[in-house]
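Work through the exercises below with the sequence and the 3D structure open beside you. Try each task before you read its solution.

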Amino acid sequence: MSDMEEIGGPEVPERPHRVIGTPPPTPPLLGSGHEAGDGGEAARHGAEVEPAEERLPSESDFPSHANNAEKIVAWSFLLAFIAGCGFIAAYVGLEVHSLDATLRSNLALGFSLSVTLLALGVGALIWVRQLMPDAELTEIRHDPRSATKDRQAFAEYFAEGTGASQFVKRPIVRRTLMLATLPLAAIPIVVLRDMGPLPGTSLRHTVWSPGRRLLVYGTNQPITPAEFSAPGGMITIVPDGYQDNQDELAKAAVILIKFRPDELQIPTSYNGSTLVGTMNWTVDNIVAYSKICTHVGCPVALYEQTTHHILCPCHQSTFDATTGATVIFGPAARPLPQLPLTTDAQGYLVARSDFTQPVGPSFWERG
Amino acid sequence: MSQTSDDLDVPRSLSGLGGWLDDRFGGARGIRLLLKKVFPDHWSFMLGEIALYSFIILLLTGTFLSLFFVPSTTEVVYHGSYTKLDGIRMSEAYQSTLNISFDVRAGLLMREIHHWAADLFMASIIVHMLRNFFTAAYRKPREVTWLIGVVIFMLGLLEGLFGYSLPDDQLSGAGLRILEGVILGIPIVGTYAAFFLFGGQFPGSSIVPRMYIIHVLLIPGILLALITAHVVFVFYQKHTAMPAKNQTDRIETGQPFYPYFLAKTSAWFFFVFAATALLATFAQINPIWQYGPYTPVAISSASQPDFYMGFLEGSLRMMPAWEWNFLGHTVSFSVLIPFAVPAGIIFGGLLFWPFFEQWATGDRSYHHVNDRPRNAPIRTATGIAAVVFYGVLWAEGANDVIADYLSIPLYTVTWIARVLVFVGPAVAFYVTRRICLGLQRQDKELLEHGLETGIIRQLPNGEFVEIHRPVTEEERAILEAKRVPALMPGAGAGAEDENGVPAPQTSGALGRARAIANRAFAETVVVETNGHGNGHGPADEHAAVGAGHGELPSGGGDGEEPPAS
C-alpha cells in the first residue's frame with residue numbers, strides 16, 4: 001500500500017486529464033511510482049501480452065477535486081486512528097464484572113471499534129473513488145476447455161499408464177485391491193462404536209418406582225394432596241433422590257394437575273398395548289403426566305386452566321388433561337404417559353409404579 | 001538481501017523482499033497477471049463478499065472466544081459477577097459463557113459480533129445464492145462453484161446450530177433436545193445414533209465437548225477449504241457479466257485487482273465488520289444470562305432458533321400427528337417428514353437444478369453473460385415458488401409469535417401455513433411466470449416501438465398519437481440480451497416425425513418429461529426485430545403472433561430462438 005500513496009499524490013503537478021491510450025508521460029523509470037503494479041516486468045513481458053492502451057492512468061480525473069478528496073481520506077484515517085486509540089483506552093480504563101459496568105464497557109468498545117472500521121472503510125472508498133483515476137480494462141475470456149490435442153495427449157498417456165500398470169490386464173490384482181480397501185473404508189465408522197453405550201431398554205424406564213416421593217421442582221419438598229388443593233393449578237414434579245440428575249430428569253419430569261370433582265373424565269392409559277382405565281392412578285382428583293412431550297421431547301410447560309389444555313411451547317402439541325392427555329392438536333402422535341399415583345404412610349404423594357409405557361419422543365424400537 | 005538478478009535495472013518493487021522471493025519462487029509474471037486481473041463492477045457481486053468477510057470475522061472473533069470458553073458440562077455452582085444467578089447450579093460451559101460476557105473485557109462484544117456475523121454469513125449466502133439463481137450464473141462452466149456454494153450453505157446451518165448450542169443455556173438446550181428427538185425418530189438406526197452422539201442418554205456430558213470440536217475445528221476447516229475453492233474458481237473462471245452494451249461472452253470488463261479492487265474490497269470488509277460491530281453494540285443478541293442454564297425440566301415459551309434454522313422449526317410445527325406402528329416398530333412421520341422433505345426439496349433442488357436445466361434445455365454451451373430473470377420465466381417462477389415455500393415454513397417457525405402479535409388463534413396460524421405451503425408456491429409459480437412474460441412483452445414494446453415520451457401530438461387528420469422515442473443503444477443491448485433455449489428436435493408440436501415415431505430424445509416416459517420441460521424452458525415472447533439478424537428458423541415463420549401478445553401456446557414449435565453460443 002505504501003507504493004499506492006505515490007500515485008495521485010498532491011506532489012504530482014496538475015495535468016488536464018487521464019491518459020488512457022497515450023504513452024506514459026515519462027519513460028517507465030523503475031521506481032518512479034507510476035508502475036507500482038507493473039514494475040519493470042511490464043517492460044519485458046507485458047508489452048507482448050497486453051496491448052499498450054491497457055496502461056493505467058496516473059493522474060486523477062479531476063485534479064482539483066483530488067486535493068479535497070485527499071484531505072477527506074486523511075481525516076478519515078486520522079479518525080480511525082483516534083477511535084482505535086479510544087478502543088484501547090476504553091479497554092484499559094473501563095472495568096467490567098457487573099451488568100452495568102459491562103454494558104458501559106460494551107458500548108464504549110463497540111462504538112469505538114465501529115467508528116474505527118467505518119472510518120477506514122470510508123477513507124478507502126473515497127480514495128479509490130475520488131483519488132484514483134477511473135480506469136477500465138477489458139480481458140479476453142478463454143474457455144477453460146483444454147485444446148483438443150492436449151486432451152488427446154492426455155488420454156493417450158493415461159491409457160499408456162494404465163497399460164503399464166497392468167491394472168486392466170491382471171484382474172486378480174484389481175479385485176484383491178478393491179477387497180483390501182473395503183475394511184479400511186469401514187474402520188472409520190466401526191471405531192465410532194464406543195462413542196456411547198447401546199440404548200438397551202433405557203428409554204423404556206425412568207427412575208420412578210413404587211413409593212418414590214414426588215418433590216416439587218424448585219423447592220425439592222414432598223407434597224401432600226391437601227397442600228395441592230387449589231383446582232386449576234399445575235406444578236412440576238421431580239423424583240425424590242434425582243432432583244439434580246439431568247439425565248434422569250430428562251425422562252422423569254412430571255406435571256401435576258389438580259381438578260375439581262367431576263371435571264376429570266375417566267382417564268385412559270396404555271399398559272403395553274392394552275387400554276386400561278387409570279382412574280385409580282389419581283389421588284383426590286390429582287393427575288400426574290409426563291412432562292416430556294411425545295413429539296421431540298420438549299417440556300410441556302404451558303397449562304390453560306379453563307380448557308385444561310397442556311401446550312408444548314416448542315411445536316404447540318396440545319393435550320387435553322381431562323381425558324388422559326390425549327392429543328388435540330399439533331405434531332405429537334401420542335398422549336402424555338400418566339404416572340400412577342398414591343400416597344405413602346406420611347400422606348405424601350408417591351409413585352405407585354414407573355410409567356407403564358416409554359416417555360418422550362417416539363423411537364424405532366418403541367413398538 | 002542478496003540480489004542475483006542479471007537485470008541491469010532492478011525495479012524498486014523487486015529490490016527488497018519481492019526480489020528475494022522472486023529469486024526463489026519466480027512468480028513475478030504470474031503475480032503481475034493476478035494484480036492486473038479484471039474485476040467487474042456490479043453491486044450484486046458484493047453479496048458473496050459479505051459472506052466471505054463474515055466468515056473471516058467469525059474466525060477472528062471465534063478464536064478469541066475459544067481462549068475463554070470451557071467446553072464442559074461438569075456441574076458447578078455459580079458465584080460470579082452476574083449476581084442474579086448466584087448460587088445456581090450450571091455447567092462449566094454456561095459459566096464460562098457468563099464469564100466471557102461479564103468478566104472478560106470486550107468478551108461480550110466479541111460474543112455478539114460472533115453471533116451477528118454468523119447470522120450475516122447465512123443471510124448473505126441466501127441472498128447471494130438467490131442472485132446467482134435468478135441470473136443463472138450457475139450455468140456452464142460454473143456448476144461446481146454453485147455446488148460448493150450449496151454445500152457451504154448446508155454446512156453453515158450445521159455450524160450455526162452447534163455454535164449457538166455450545167453455551168448450554170436454556171434456549172439452546174431446548175434446541176438440542178429437539179435435535180435428539182428428531183434423531184430418535186430415524187428408523188432402525190435412530191436410537192443408536194442418538195446414544196452415540198450424546199454418549200448415552202440425553203443430555204449426558206459428552207455433547208458439548210463433541211459439538212465444540214466439530215464447531216471450532218472440523219466444520220470451519222471444511223468451510224475454509226470449500227470457501228477457498230469457491231473463490232479460486234471465481235478467480236479462475238472469471239466473474240459472470242451483466243448484460244450491457246458491447247458485453248459478449250468473450251470479454252470481461254472491469255477494474256484491475258491492484259489497486260482498484262483491492263482498495264474497494266478492503267473498504268467493503270471494513271464496512272461489513274463495522275456493521276457487525278454496530279449491531280453488536282446497539283442490538284443485543286442471544287443474552288444467555290437472561291435464559292438461564294439448561295435443564296430438561298424447564299423451558300421458556302416463544303422459543304425460536306436462529307433465523308436460518310427457522311424453516312426446519314416451522315416444518316416441525318406445521319406437521320400433523322402421523323405415526324405408524326407395525327411389527328413392534330414405530331415410525332414417526334411427524335418427525336421424519338418435516339426434517340427430510342423440506343430440506344430434501346430445498347437442498348436437493350439447489351444441488352440438482354443446474355443439471356436439470358441442462359437436461360431440459362439440451363444447452364451444453366458456455367455462458368458468461370447472465371440472464372435477466374424475466375427472460376427465463378420457468379426458472380424465475382420456480383425460484384420464486386421455492387422462496388415462497390421456504391418463506392411459509394420459516395414464518396410458521398414463529399407461529400406462536402405471529403399469533404400473539406396479530407391476535408390470530410394459534411391453530412389458525414398453523415392451518416393457514418399448512419394450506420399455504422402447498423398453495424403458495426403454486427400461485428407464486430403461476431403469477432411469477434405471468435409477470436415474466438408480461439415484462440418480456442413490455443421489452444418487446446420498447447424494442448419495437450420505443451419508449452413512451454408522454455408527448456401527445458395531433459395529426460393533421462385530427463388523430464392523437466403519442467411520440468415514442470427509440471431506446472438508446474445501452475437499453476437496446478440489455479433488451480436484446482435475451483437468449484432462449486432452442487426446442488429439441490421432437491419437443492415441439494410435431495413431436496413425432498411424419499411416420500409417427502417420436503424423436504429419440506423424447507421417447508419413453510423420461511423423454512416425454514424432458515420434452516415437457518424443454519417446451520417450458522423455451523417459452524418466450526418473440527420480438528419482431530431485425531436487431532439479432534439471426535432469427536431464422538421457426539421464429540420468423542410465426543411473425544403473425546407478434547401483434548401485441550407474442551406469448552405462444554405451449555406445445556407450439558414457435559417461440560424458438562437460437563441458443564446462446
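Predicted model: local features only at pLDDT ≥ 70, side-chain atom pairs only at ≥ 80, totals over all residues.

Residues are numbered from 1 along each chain as its sequence is written, and chains are lettered from A and ligands numbered from 1 in the order in which they are written.

**Exercise 1.** Describe the overall make-up of chain A.

*Solution.* Begin with the secondary structure, where helices (H or I, at least four residues) and strands (E, at least two) are DSSP runs numbered from the N terminus; chain A has six helices and 13 strands. Next, consider burial, for which a residue counts as buried if 20 or more other C-beta atoms, placed from the backbone, lie within 10 Å of its own; buried residues make up 35% of the 367 residues in chain A. Finally, turn to the domains, whose bounds come from an automatic or database domain assignment: domain 1 covers 4-131, domain 2 covers 148-193 and domain 3 covers 206-362. The C-alpha centres of domain 2 and domain 3 of chain A lie 61 Å apart.

**Exercise 2.** Work out the strand order of the open sheet with four strands in chain A, and explain its edges.

*Solution.* Two strands pair if DSSP finds at least two bridges between them. In chain A the order is S2-S3-S4-S7, with antiparallel pairing. Strand S2 (214-216) and strand S7 (286-290) of chain A each have a single partner strand, so one side of each is left without a neighbour in the sheet. To check one pair, follow strand S4 (residues 254-258) of chain A, which is joined to S7(A) by five bridges; here A:Lys258 stands opposite A:Ile286.

**Exercise 3.** Characterise the side of chain A that touches chain B.

*Solution.* Start with the count: 85 residues of chain A are in contact with 97 residues of chain B, contact meaning that the C-beta atoms, placed from the backbone, lie within 7 Å. The largest share of this side of chain A, 18 residues, comes from H3(A). Sorted by type, the residues on this side of chain A are 48 nonpolar, 25 polar and twelve charged. Then look for pairing between the chains: S1(A) and strand S4 (residues 251-256) of chain B pair in the antiparallel sense over four bridges, and A:Ile140 has B:Ile251 as its bridge partner in S4(B).

Definitions and conventions
Contact = placed C-beta atoms within 7 Å. Nonpolar A, V, L, I, M, F, W, Y, C, P; charged D, E, K, R; others polar. Buried ≥ 20, exposed ≤ 12 C-beta atoms within 10 Å, placed from the backbone.
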